[in-house]
Amino acid sequence: MRGLIRSFWLIPLVILVVLAVSGVARAQEANPTVTDDDVNRIAKGLYCPVCENIPLDVCGTQACQQWRDLIREKLGEGWSDEQIKTYFVNQYGDRVLAEPPRRGINWLVYLVPPLAFLLGIFILVKALRSWKAGSGVPEAEGTADAPGQPPADEYIKRLEEELRRNQ
Amino acid sequence: MLANIGFGALLITAILSAYGIFAAVYGVIQKRARWVDSARNAMLLTFPLLTLAAVSLIILLVDNRFEIQYVASVTSRSMPTYLKITALWGGQQGSLLFWAWLMSAFTTAVTLRKWDRDREFLPWVIVVGLITLLFFLLLILLYENPFMKYWALPGGGIVGALFRPAGATLFTPADGSGLNPLLRHPGMIIHPPLLYLGFVAFVIPFSFAIAALITGRTDDRWIRLTRRWTLWAWLFLSLGLILGGRWAYDVLGWGGYWGWDPVEIAAFMPWLTGTAFLHSVMIQEKRGMLKHWNMVLIILTYALVIFGTFLTRSGVLSSVHAFAQSAIGPAFFGFIALTFIASLVLLAWRWSSLKAETQMTSMFSREALFLLNNLLFIGILIVCFWGVIFPLISELATGQKVTVGPPFYERATAPLFSGLLLLMGIAPLAAWRHSTVKTLGRAAWKPLVLSVLVVAGIFALGVRHWAALVGFWLVAFVTGVTLYEFYRGAMARHRKSGENLALAVVRLAGRNRRRYGGYIIHLGVVLMAIGIIGIEMFQQETQGTIPQGGELALGEYTIRYDRLDIFDAVDNRNVARATLSVFKNGEYVTELHPRRDFFYDSQQPMTIPGIRSTMEDDFYVLLVDWLPVSTAGATFKVYHNPLVNWLWLGGFVFILGTFLAAWPEKETEPVLRTVPAQARRLQAYGD
């Protein structure tokens with residue numbers, strides 16, 4: 001099945017290569033200053049649908065090489081970074097982007113973690129409050145040893161105590 | 001023959017496991033010790049039997065028995081023997097067998113030790129261990145059998161089957177397709193077993209937790225009994241993650257160590273809950289609090305261990321449809337759901353007996369800060385979990401897959417990781433039970449001043465990246481606090497007993513290895529943080545095609561492309577090896593050899609970087625491409641990774657600290673007695 005998907009993707013890619021190869025010569029004449037770094041800058045934020053989770057700039061497959069050639073060609077034609085990204089999204093869908101675009105159901109990916117974290121803080125604060133309220137230990141006791149430097153003995157005592165209970 | 005022996009051993013182990021589960025439950029309920037002993041014997045037999053199965057498979061692998069499907073899929077004649085052995089975990093079926101084998105080793109080890117002391121828990125530990133084992137064995141037997149053979153049908157065509165189909169003859173391919181070249185690396189040989197060891201070892205504390213819930217012994221006995229098991233599990237998992245990072249850096253050729261790939265995250269998630277658990281159990285031990293929470297954490301860890309295996313094994317990551325088509329996907333899903341719900345039901349059943357014995361008294365006490373630490377770990381877990389499963393949700397809801405890549409994770413987790421570092425600096429200074437801003441401030445001011453001075457120094461050196469400065473401040477602060485804790489403890493001993501300071505440090509750490517091992521782990525983390533700040537915030541890269549003798553510059557470095565050699569190596573691969581001279585500020589420093597290996601058997605390439613590594617920076621060069629006809633030009637990708645070696649050094653210190661904390665005490669086990677709640681309260685008030 002995977003093989004089938006792979007070969008399925010090859011069809012548009014082959015077409016792209018043909019387009020790209022025919023375009024490369026033209027592109028290089030039009031704008032010879034497109035560097036590998038320019039290409040990688042855009043490729044870094046793109047993912048081809050075949051090599052999951054490997055960004056385009058480091059992916060070694062032929063398919064990704066062809067995508068990079070295409071980026072080079074488009075850059076040579078004077079396209080902007082955004083235009084090139086949009087081109088790939090239109091061709092292959094949102095999955096080529098490193099992050100889901102912020103719209104529709106995709107908002108969930110951005111909103112759920114912070115909301116869950118806020119909920120966690122809320123629960124934690126509530127729990128701490130209720131524990132403190134229920135403890136019946138006056139706050140003053142907690143601060144009783146605050147004034148003045150604690151004598152070294154006290155630190156030793158605490159340390160020894162902690163160590164003893166850890167045995 | 002050998003395949004049949006292996007398969008038979010698997011089958012008998014599965015039957016024995018089912019019997020052991022029944023015998024243990026029946027024995028406990030009917031109070032018949034003989035049944036429980038019989039269950040234990042069944043448990044003890046699983047390990048030798050699975051060893052037989054695993055060794056059978058290893059022999060088949062080493063012996064080039066390509067009529068076995070699995071052998072043909074992961075080995076080839078040209079592979080050296082040690083790689084053929086490691087091919088045991090180089091594919092799906094072998095991995096599952098390996099998992100089950102390690103699992104039985106751990107549960108067997110637990111039941112061998114202290115049987116009489118832990119008699120009340122152990123029957124249930126056996127039950128939980130065997131249920132997990134049985135699940136994996138069923139997966140192997142029903143869906144992912146590594147002992148399947150190729151058969152040539154009379155009418156033409158090759159099929160895979162365990163037993164001879166009517167009229168078929170055994171078919172032996174001339175050679176196998178070989179191990180994925182990415183797996184032919186020392187890091188990859190040891191990394192999966194360590195992860196698996198970490199995974200299966202976490203089943204032990206979970207089993208004890210469930211045993212505690214079932215038997216109603218909900219005090220901290222189960223925690224004390226499993227303390228070292230948990231630390232060892234955590235050690236293996238940490239080591240597996242660190243080595244995985246190193247492998248990625250050396251082999252994957254993208255100049256990094258961690259790519260937020262779902263497979264990485266799958267192993268990272270149980271580590272997160274495991275780390276939270278290691279911290280929060282201390283609160284239960286010291287203060288008799290958070291009993292529910294510790295149960296939740298260990299239940300989550302177990303679920304995530306299985307979930308992690310599920311993610312990497314079911315194909316769900318490539319597509320939810322692949323998941324639906326693979327037989328083991330739904331089985332995994334069902335097992336996770338079942339064990340998770342059953343654990344929660346047990347927890348709900350014992351909810352009231354898990355009440356805290358004491359109460360929180362101060363927002364700045366160490367226990368309150370540990371709770372905050374737990375919140376941050378869970379926060380990172382939520383980000384990871386959600387990031388991994390969102391593409392699946394999206395695919396189900398809209399039919400379209402999306403990629404959740406590194407930018408998402410980095411943005412979401414960076415503040416949480418920073419918060420954890422800050423806590424690492426504050427919590428060791430806080431006292432159990434009560435601390436105030438004042439007492440904390442009094443303990444913290446010296447390290448604080450020191451850390452500000454360090455950052456001022458870094459600023460003076462010209463670093464203006466604000467996030468990096470915050471990072472370096474946190475690193476300096478935590479280092480200051482941790483070293484100060486060693487110093488304070490050692491000084492106290494020194495003043496009291498007159499020991500010299502060095503001896504005092506050693507004795508101090510020796511007396512409470514968990515505490516000071518923990519501090520060394522903290523030091524390891526800050527060293528790793530230095531490396532991470534360096535590579536994440538100051539990494540530079542460039543790529544260019546240069547002719548022979550041509551140069552490519554990046555920052556202070558320049559490379560000169562001297563030549564390219566293309567040759568066939570003995571182990572059936574074609575090597576293209578470039579020779580580069582590296583200059584720093586115009587001066588020659590070294591020669592590098594980035595290369596590309598092409599493996600004929602698996603038809604896959606592998607990119608090996610040329611790295612010049614110092615504590616200051618790594619200069620990392622990849623051979624991206626070359627012109628095949630002449631060696632006139634080649635394309636190189638060059639990375640400058642500042643400080644990245646601190647990451648590996650930190651990893652080493654981290655593991656060292658964990659060893660110190662986890663190494664068994666000389667006197668076999670601490671005397672275990674239940675401290676009455678009242679006495680512990682008194683003790684706690686004593687500090």
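What follows is a chat about chain B.

Me: What kind of model is it, and how are things numbered?
Reply: It is a predicted model, where local features need pLDDT of at least 70, side-chain atom pairs count only at pLDDT 80 or more, and totals for chains, interfaces and linings use all residues. Residues are numbered from 1 along each chain as its sequence is written, while chains are lettered from A and ligands numbered from 1 in the order in which they are written.

Me: Which domains does the assignment give for chain B?
Reply: Domain 1 (1-179), domain 2 (419-535 + 659-668 + 681-685) and domain 3 (538-645). The bounds come from an automatic or database domain assignment.

Me: How far apart are the C-alpha centres of domain 1 and domain 3 of chain B?
Reply: Those centres are 44 Å apart. The contact between the two uses six residues of domain 1 of chain B and five residues of domain 3 of chain B. Contact means that the C-beta atoms of two residues, placed from the backbone, lie within 7 Å.

Me: What classes are on the domain 1 side?
Reply: The side of domain 1 of chain B that touches domain 3 of chain B has one nonpolar, four polar and one charged residues. Ala, Val, Leu, Ile, Met, Phe, Trp, Tyr, Cys and Pro count as nonpolar, Asp, Glu, Lys and Arg as charged, and the others, Gly among them, as polar.

Me: Switching to helices. How do α11 and α13 of chain B pack?
Reply: Helix α11 (residues 291-313) of chain B packs against helix α13 (residues 328-349) of chain B at an angle of about 180°, with the axes 10 Å apart. That makes α11(B) roughly antiparallel to α13(B), a label for angles over 145 degrees. Axes are lines fitted to C-alpha atoms, for helices over the stretch in contact, and angles run from 0 to 180 degrees between N-to-C directions. Helices (H or I, at least four residues) and strands (E, at least two) are DSSP runs, numbered from the N terminus.

Me: Which residues meet there?
Reply: From α11(B), they include B:M295, B:I299 and B:F310; from α13(B), they include B:F332, B:I336 and B:L347. The contact divides into 14 nonpolar, two polar and one charged residues.

Me: Is B:L643 buried or exposed?
Reply: B:L643 counts as buried because it has 21 C-beta neighbours inside 10 Å. B:N64 has 18, so it counts as partly exposed. Buried takes 20 or more other C-beta atoms within 10 Å, exposed 12 or fewer, and partly exposed is in between, with C-beta atoms placed from the backbone.

Me: And the sheets?
Reply: One open sheet of four strands has the order β4-β13-β12-β11 (chain B), with antiparallel pairing. Its edge strands are β4 (540-547) and β11 (610-613) of chain B. Strands pair if DSSP finds at least two bridges between them.

Me: How many bridges join β11(B) to β12?
Reply: Four bridges join β11(B) to strand β12 (residues 617-626) of chain B. B:R612 stands opposite B:F619 in β12(B).

Terms used:
Angles under 35 degrees count as roughly parallel, over 145 as roughly antiparallel, 65 to 115 as roughly perpendicular and the rest as oblique.
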